[in-house]
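Student: Hi! Could you walk me through this structure, a bit at a time? I'm new to it.

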Amino acid sequence: MTEQHVPQQNKNTFNIPEVIPVLPLHNVIIFPKTMIPLEVTGSASTLVDEAMTKDRLVGLIMSRKEPDKANKYKKEDLHPVGTCAMIMKMAKTMENHTQLLLQGVSRFTIEEIIEGKPYQQARIKLIEEKEAKDLETEALMANLLSLFDRILKLSPFLPPEFGPMANSITEAGTLADLIASIINAPAEEKQKVLNIADVKKRLKELTLMVNHQMEVLELGNKIQTRVKDDIDKTQRDYYLRQQLKAIKQELGESDENAVETDEYRKKIEEKNLPEEAKKEAFRELERLSRMHPSSAEYTVSSTYLDWITALPWHTSTTDNLDIAKARQVLDEDHYSLAKPKKRIIEYLAVRKLKPDSKGPILCFVGPPGTGKTSLGHSIARALGRKFVRISLGGVHDEAEIRGHRRTYIGALPGRIIQGLRRAESNNPVFMLDEIDKVGSDFRGDPSSALLEVLDPQQNNTFSDHYLDVPFDLSSVMFITTANMLDTIPPALLDRLEVIELNGYTQEEKIKIAERYLIPRQLKENGLTAAQFNLTAKALQTIITGYTREAGVRNLEREIANACRGIAAQIAEGNLKSKTLTEKDIAKYLGPVRVPTDIDSRITKPGIAIGLAWTPVGGDTLFIEATAMRGKKGLALTGQLGDVMKESAAAAMSFIRTNAEDLGIDSEFYDNMDIHVHVPAGAIPKDGPSAGVTMLTALTSLLTKRKVKKNLAMTGEITLRGAVLPVGGIKEKVLAAYRAGIKTILLPEWNRKDIEDIPVNVQKNISFHFVKDMMEVIKLALEPVKERRVKKKVPQKKASSASAKKRTSGSPGKVK
């Protein structure tokens with residue numbers, strides 16, 4: 001092992017090996033020729049023990065990252081310059097705890113981290129100091145000593161002996177290192193000084209730092225003087241108040257503080273708090289009784305007692321266990337939604353048979369506007385409970401759920417406890433809206449805090465940071481809502497009972513509009529049923545021509561637009577009443593915004609309709625293919641994701657492999673480029689379910705057979721042509737129904753999903769379940785048209801090569 005020597009400017013010469021053990025430090029800097037005490041634990045103690053048996057040298061370098069359990073660092077995790085130090089003294093205080101006294105020797109840089117031991121070693125390179133002896137250096141040293149002397153006078157915690165010590169140093173580099181190690185500056189600023197090898201530059205950098213430190217100390221001295229005056233005034237006020245208190249006692253007048261303390265004590269006794277909460281409340285009350293009302297801590301304690309005595313520890317509402325009445329309430333508020341209603345009725349039935357049963361943790365998942373939030377209101381009304389709703393969309397702070405600790409100024413309980421206080425009941429219906437949009441950052445992960453809230457086995461001892469005592473949430477009926485499940489952490493999703501609220505059919509939307517939306521908009525716009533009426537045809541036109549959604553939110557918005565238009569005319573005196581017909585819709589809502597004639601787009605071979613799932617419901621997807629002269633090119637456009645591109649490649653490979661069975665020239669691809677495009681190019685698309693549609697569009701193009709009208713399909717394909725199952729069948733089928741599709745091709749394995757489809761939709765759509773692509777091609781493409789064969793004049797027998805060329809067929813023609 002090669003050895004290096006500390007540069008000659010050091011008084012003591014050390015033999016520093018090329019490889020030394022490295023001890024990363026956090027917010028601690030040691031400079032050459034300075035001493036520092038340090039306590040180490042764990043693997044660092046092993047490092048020290050081995051160093052003591054050898055040369056007592058260890059490399060100290062500040063880390064850029066926070067310490068972790070592994071305690072492993074890469075070269076980029078450490079600052080560029082560290083200090084090689086000699087262990088002057090060592091003392092073991094307890095197991096794996098060692099106290100050290102270290103003296104800095106020389107600066108170094110790490111060239112390579114070496115593993116292989118319980119601690120880390122590094123191959124280092126010593127840094128030579130560039131000492132300067134000129135007039136500018138002497139001026140910088142003198143200025144630095146003057147500033148340092150002023151800092152010593154302003155800093156009572158610094159021993160005055162540092163002044164003579166600094167004045168006795170003649171080496172500029174040593175002086176800079178000493179002052180940098182003494183002043184109270186951030187570790188990052190000190191590291192900048194350590195990084196500089198040039199002594200003159202180091203003195204300049206340190207002068208800036210010392211100047212800043214002196215300004216801070218001077219300002220702090222001014223503040224301290226002002227605070228001392230305020231404290232003197234406070235002590236005088238306290239003395240006078242104590243005298244006033246004694247005078248009041250002599251006069252027999254009551255003390256306001258004692259009255260308030262007695263009121264809190266009475267509240268605690270009447271509230272019948274749980275034992276642990278009662279103990280904490282009395283402890284805080286004792287602290288309050290010893291404080292003066294003007295004290296800041298007095299407000300903190302009184303606020304805490306207000307919260308703990310206002311919570312509904314034992315207050316609850318009586319459940320309405322009349323199942324028939326509950327069913328009636330649910331049906332009054334919402335049309336359809338059979339699954340959620342069935343689950344609530346089941347909960348009531350269990351509650352009736354077993355009164356101490358715990359509340360379910362339901363999660364309503366579905367597109368926007370399908371009634372998830374309003375269903376929570378309806379459930380609370382059916383059960384006869386209070387309703388509390390908090391929105392979790394965009395929440396990043398764990399304290400929003402668990403509250404802040406009382407050590408913080410303005411601390412409050414979390415939103416769970418706040419909601420219970422507002423409800424004044426310990427068994428409300430508690431809705432956590434938009435749980436799929438919870439975020440996380442440096443302030444914590446709210447979804448992790450929700451694990452305890454939404455676990456029936458744990459939430460009976462829910463602990464809020466502010467209260468610091470357990471609160472029983474087991475009687476609360478938690479309902480969460482989400483648009484999609486993908487963003488919910490698996491551990492949290494495992495605690496939820498998921499109930500899907502898929503989109504509505506056109507018939508359901510008409511019923512919802514007639515029962516709920518139109519009456520509500522009439523009321524909000526100041527109209528009566530006699531002044532405004534909407535025909536069934538007009539309502540159907542709004543649904544199909546002006547909205548494309550799974551829910552009814554946009555439908556209500558369009559109805560509101562029509563109501564406002566009529567209200568404006570009535571207010572102006574131009575109308576007394578109006579029945580809106582199909583022909584009037586464009587006048588109030590503008591031109592039709594959603595094209596409904598999809599047949600007009602299937603005009604030639606190479607176009608097929610697929611079905612897609614989105615977070616806001618299902619949708620139809622057109623896939624277009626075209627061919628041109630070229631050399632085996634395949635272009636894919638329309639913002640397609642990797643999975644969708646792979647589906648197109650698989651479809652192309654299947655067609656080339658089975659060209660003859662499909663009636664396509666086996667050499668069709670030799671002189672051809674194919675372009676596949678999915679319209680709505682501004683919208684990113686991905687997923688495997690378009691594989692069947694892509695293969696059908698390509699086969700239609702190459703065989704020149706159009707896809708049948710009003711036919712859509714979905715499914716994943718394999719290279720063998722097998723059709724695999726996909727998800728989101730109900731949303732896709734409802735989207736097809738809204739678009740007027742009459743025939744749908746689905747994978748055979750998705751046959752079970754048809755049970756969830758409304759009966760009226762099943763009656764209006766013909767479903768075909770397929771296992772492989774040959775079945776799809778047979779069902780999807782129009783049959784081959786028979787051609788009239790013209791009689792040809794007999795010719796001479798062609799050569800074998802030309803005969804083979806003719807029988808092989810031309811590209812894209814049917815055999």
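Student: Which residues does P725 touch, not counting those up to four places away in sequence?
Tutor: P725 touches E716, P747, W749 and N750. Contact here means heavy atoms within 4.5 Å. Before we go on, this is a predicted model, where local features need pLDDT of at least 70, side-chain atom pairs count only at pLDDT 80 or more, and totals for chains, interfaces and linings use all residues. Residues are numbered from 1 along each chain as its sequence is written, and side-chain values use heavy atoms, with hydrogens and water left out.

Student: Thanks! Where is P725 found?
Tutor: P725 sits in the loop between β24 (723-724) and α23 (729-739). Helices (H or I, at least four residues) and strands (E, at least two) are DSSP runs, numbered from the N terminus.

Student: And why does P725 count as partly exposed?
Tutor: Because its relative accessibility is 31%. Buried means under 20% relative accessible area, exposed means over 50%, and partly exposed is in between (1.4 Å probe, protein chains only).

Student: How far apart in space are P725 and L217?
Tutor: They are 72 Å apart, C-alpha to C-alpha, and 508 residues apart in sequence.

Student: Let's zoom out. How many helices and strands does the chain have?
Tutor: There are 26 helices and 26 strands.

Student: What radius of gyration does the chain have?
Tutor: The chain has 40 Å, whereas a compact globule of 815 residues would have a value near 28 Å. That radius is taken over C-alpha atoms, and the globule rule is 2.2 Å times the number of residues to the power 0.38. The C-alpha atoms fill a box of roughly 120 × 100 × 60 Å along the principal axes.

Student: What share of the residues counts as buried?
Tutor: 47% of the 815 residues do. As for contacts between residues at least 6 apart in sequence, 73% join residues at least 24 apart.

Student: What about charges? How many positive and negative side chains are there?
Tutor: The chain has 118 positive and 108 negative side chains, and the centres of the two sets lie 10 Å apart. Lys and Arg count as positive and Asp and Glu as negative, while His and the chain ends are not counted. The place of a charge is taken as NZ of Lys, CZ of Arg, CG of Asp or CD of Glu.

Student: New topic: R402. Where does R402 lie, and is R402 buried or exposed?
Tutor: R402 lies in helix α13 (residues 399-402). With 14% relative accessibility, R402 counts as buried.

Student: Which side chain makes a polar contact with the side chain of R402?
Tutor: That is E452, at 2.8 Å. A polar contact is a pair of N or O atoms within 3.5 Å; within protein, one must be able to donate a hydrogen and the other to accept it, and residues adjacent in sequence count only if both atoms are side-chain atoms. The side chain of R402 also reaches the backbone oxygen of S463 at 3.3 Å. Beyond four places away in sequence, R402 touches several residues, including G414, A449 and F462.

Student: And S425, buried or exposed?
Tutor: S425 is buried, because its relative accessibility is 0%. S425 is in the loop between α14 (415-423) and β11 (429-433), and its side chain has a polar contact of 2.6 Å with the side chain of N427.

Student: Where is H768?
Tutor: H768 is in strand β26 (residues 766-770). H768 is partly exposed, with a relative accessible area of 29%. Its side chain makes a polar contact with the side chain of S766 at 3.4 Å.

Student: One last thing: what is the phi of Q639?
Tutor: Q639 has a positive phi of about 55° although it is not a glycine. Most residues other than glycine have a negative phi. Q639 is in the loop between β20 (633-637) and α21 (642-657).

Student: What about A680, where does that residue lie?
Tutor: A680 lies in the loop between β21 (672-677) and α22 (691-703). Its phi is positive too, near 65°, and A680 counts as partly exposed at 46% relative accessibility.
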